[in-house]
Each structure stands twice: as C-alpha cells, then as structure tokens.
Amino acid sequence: METVKAESLVKKKGRETSYPKSKIKVVLFEGVSSAGVQLFKDETFQVEIIPGGIKPEHYERIKDAHAIGIRSASEITPEVLELCPRLLTVGCFCIGTNQVDLEACSNKGVAVFNSPFCNTRSVAELIIAQIINLARKLGDKNNQCHNKTWDKSSKNCHEVRGKTLGIIGYGHIGTQLSILAEAIGMRVVYKDISPKMPYSNSRQVSTLSELFSVSDFVTLHVPETPETKNMISKTEFDQMRPGTYFLNASRGSVVVIDDLVSALQSGHLAGAYVDVYPTEPKSSCTTNWECGLQNLPNVMLTPHIGGSTEEAQHSIGIDVASKMIEYINAGNSTGSVNFPGLNLPYYEGGHRVCNVHLNKPGSLRKVNEILSEFNVVGEVLGTQGKIG
C-alpha cells in the first residue's frame, strides 16, 4: 500500500518515520553464503553470524532480531518465536522449510522464505555421478583399495548407456536430471502427480508399477508431504525388477529404511545411494551417527549434501537474502511460503505501509478507515489461509 500526504507523513520531528536500517538486526546461522551476508551488510543492517544451528545458548542473541537466517540443522519452533517479539522474517537458505513451524510463523505475522530451485543442478549432477558409481561398484572398489585389496574383476559392473532411469517427481530437479541422463545415453521414464511435458525423448508413465517394471535405476525427487511419507516401502521394492539400483536424495521421510535394508540384504536390489534420512544429526559434524544401511555392499551414503556445492550455496544466499531484504524494505512477499505473494509497484513520493492481519471479513475495511484521510495511490490485498 502506498500513500501520499503532507510532509509530516514522511518526516516527523526532522527524521524519517521509517525504522532506521542500521537498527535492523539480522542473525545468520549455519554458515550462510558470504554472498548473502554481504547483501544484508550493503543495506547497513546489523548482521550477526553464529556458526552451527540455533541452540538455547543463542536465545539471548536472537531475542531482538528482526530477521533470522538458517539452513537445515536449525528449527524455528513456537518457543523460538516467543523469544523474538520483533521478528519480521525467517530465511531458509535451503530448499525445504520442514524445520520451520509455518503455522506458528503465520500466527506471529512472520514471513518465511526459501530457495526451492537454486541447487537443482548440484543435485542432478550428484545423482548422475552416483548412478555411475553404483553401476561400476566404485564405492566397494574404493574401500577394497584402501584396505590393501586389489580386485580387478568386472563381474556385476556395467555401463549406464542404454539403461533406463525411472524418475519419481518430474519437477526442477527431475527434469534437469532427465536431460543429463539422456546426454550419457540413458532412456528416461518418469512419474509425476500431474501431466508434465517431457524433455527430449523421456516418457511419462501413469503408475509407479509401470515405472518399476521398466527401470534399471529408480531415483526419488519428491517433496515432504503427508502423501509422500513412506511412499517407498516393501510393497514398492518388491515391484522393482531384480537387480535394480535405488537412489534417494529428496527427503528422508519418503522411504522406509528398514525395508530398503531388507531389499538390499536379500539381493533383490543391486545397490543403493541415500543422501537423506528419517532422522539426521542436528550438528553438521558428528562422529556417532548410525544407520541400518551402513556396511552393506554397493551402498553409497552421504550426509545430506545434495545441494552442498559452493555454486549452489552462492545462488541460494543471494536468492533468499534478496527476498528477505525486499520484504523488510518494501513489504514485497513474492516467494514467501506462508504469506500471499504480493509485489506493489513503487510510487515516487509515496510512503509504503505493510499490514499483516488475520484473513477475516472486515479487515480491509478497518485498514481503509485508518487511512481514509490520506491519498492512497496504490493498494494490493492477498490472502493465504488465515493470513492477509
């Protein structure tokens, strides 16, 4: 909303009525990219950087924060929000927002932003690498060499050219992966919840059973939702062809790990790559992590690094920081996961007002009554759930 009135609207007692940028405090956790950090500093915000995730000992340092930036290891809970009465926005410098209580943020009028697409290439390249690793049993060969064993056998090692890759979830990552897979000579089929235009020679199938029946490699690229929870279990593994390779770099909640272990131990699956797990350590570095997939043959495990490249983190840093800055400076909520996406054009000489309210009848009327003595030259309303 932009209003234009007398000089007293813009200045009060000789100073601008907008809150000084130098007093806006941004607290960033978990090694947010320096590119994002610099954008906040360029705005003259107060920027505080804390290594690692949010812990109780950090509560005193965030209680006066206007913005908090996190990655995957921190949680924004109702308790954390209660500590931060000035909080305007939370930035998730990653793809997902499952570490944030979005309903609690909405109730507190806190806009949440993330970066769902900037690590697409990094994840797609990693899956291509792991497809080749599994087909050539490179993980086992590597361990053997480190343990002084020289095994030059080609048994059960294959080229990926001419093999079929089944992609579950044909979004930004799935489509990028599809292009890369075809570039190295693979055939591609995919399953998605809605019809999607195929890239190159890929082909959409209507059921998971059909995908399993033709795929040599099966890879998951789906979000964490109630519908995807435990979507791959014993029933689905049994439908896969003997000798299938299975890959998951999406969300840990979508696969029943014990059933995957059984399918590998029985020899039904020829190998697996897993980057995400139902429960993961809060710390980015720990030495006592355990998983039932450990020490199984031709099983590659990585610690949730699908998007952990310098290029992806650089892009994510710029993307999320830019969204947060736009919201703080101008109330633009484009890209928010819990607020309606609004972007009001700028008007010369105007003063911008952002009002977050409950989405119920009469709210807009009350706002307009307050502003009735001003000349409102632009106004935009959007609603999402209980927020307007």
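Trainee: Does K137 count as buried, partly exposed or exposed?
Mentor: This is a predicted model, in which local features need pLDDT of at least 70 and side-chain atom pairs count only at pLDDT 80 or more, while totals for chains, interfaces and linings use all residues. Residues are numbered from 1 along each chain as its sequence is written, and side-chain values use heavy atoms, with hydrogens and water left out. Buried means under 20% relative accessible area, exposed over 50%, and partly exposed in between (1.4 Å probe, protein chains only). The relative accessibility of K137 is 23%, so this residue counts as partly exposed.

Trainee: Near what value is the phi of K137?
Mentor: K137 is found in the loop between helix 6 and helix 7 (138–146); helices (H or I, at least four residues) and strands (E, at least two) are DSSP runs, numbered from the N terminus. Most residues other than glycine have a negative phi. K137, a residue other than glycine, has a positive phi near 55°.

Trainee: In which loop is the place of N295, which also has a positive phi?
Mentor: Phi of N295 is near 70°. With a relative accessibility of 80%, N295 counts as exposed. Its place is in the loop between strand 14 and strand 15 (299–301).

Trainee: With which residues is L293 in contact, beyond its neighbours within four places in sequence?
Mentor: Contact means heavy atoms within 4.5 Å. On that criterion, the partners of L293 are I257, L260, V261, L264, V274, V299 and L301.

Trainee: How many residues apart in sequence are the parts tied together by E103 and K386?
Mentor: E103 and K386 form a salt bridge with the closest N and O atoms 3.6 Å apart; such a bridge is a side-chain nitrogen of Lys or Arg within 4 Å of a carboxyl oxygen of Asp or Glu. E103 is exposed at 51%, whereas K386 is partly exposed at 37%. Because E103 lies in helix 5 (residues 102–107) and K386 in the segment after strand 17 (375–378), the pair ties together parts whose separation in sequence is 283 residues.

Trainee: What is the N to O distance in the salt bridge of R121 and E125?
Mentor: Both residues lie in helix 6 (residues 120–136), four residues apart, about one turn of the helix. R121 is partly exposed at 41%, and E125 is partly exposed at 42%. Their side chains meet at 2.8 Å.

Trainee: What is the volume of the largest cavity?
Mentor: On a 1 Å grid over the protein atoms alone, a cavity is a set of points where a 1.4 Å probe fits but cannot get out, and lining residues have an atom within 4 Å of a point. The lining has 25 residues, with L342, V353, C354, N355 and V380 nearest the centre. Grid points are joined across faces, edges and corners, and a volume is the space filled by probe spheres set on the points. The largest cavity has a volume of about 370 Å³.

Notes. On a 1 Å grid over the protein atoms alone, a cavity is a set of points where a 1.4 Å probe fits but cannot get out, and a pocket is an open set with protein on both sides within 12 Å along at least five of seven lines; lining residues have an atom within 4 Å of a point.
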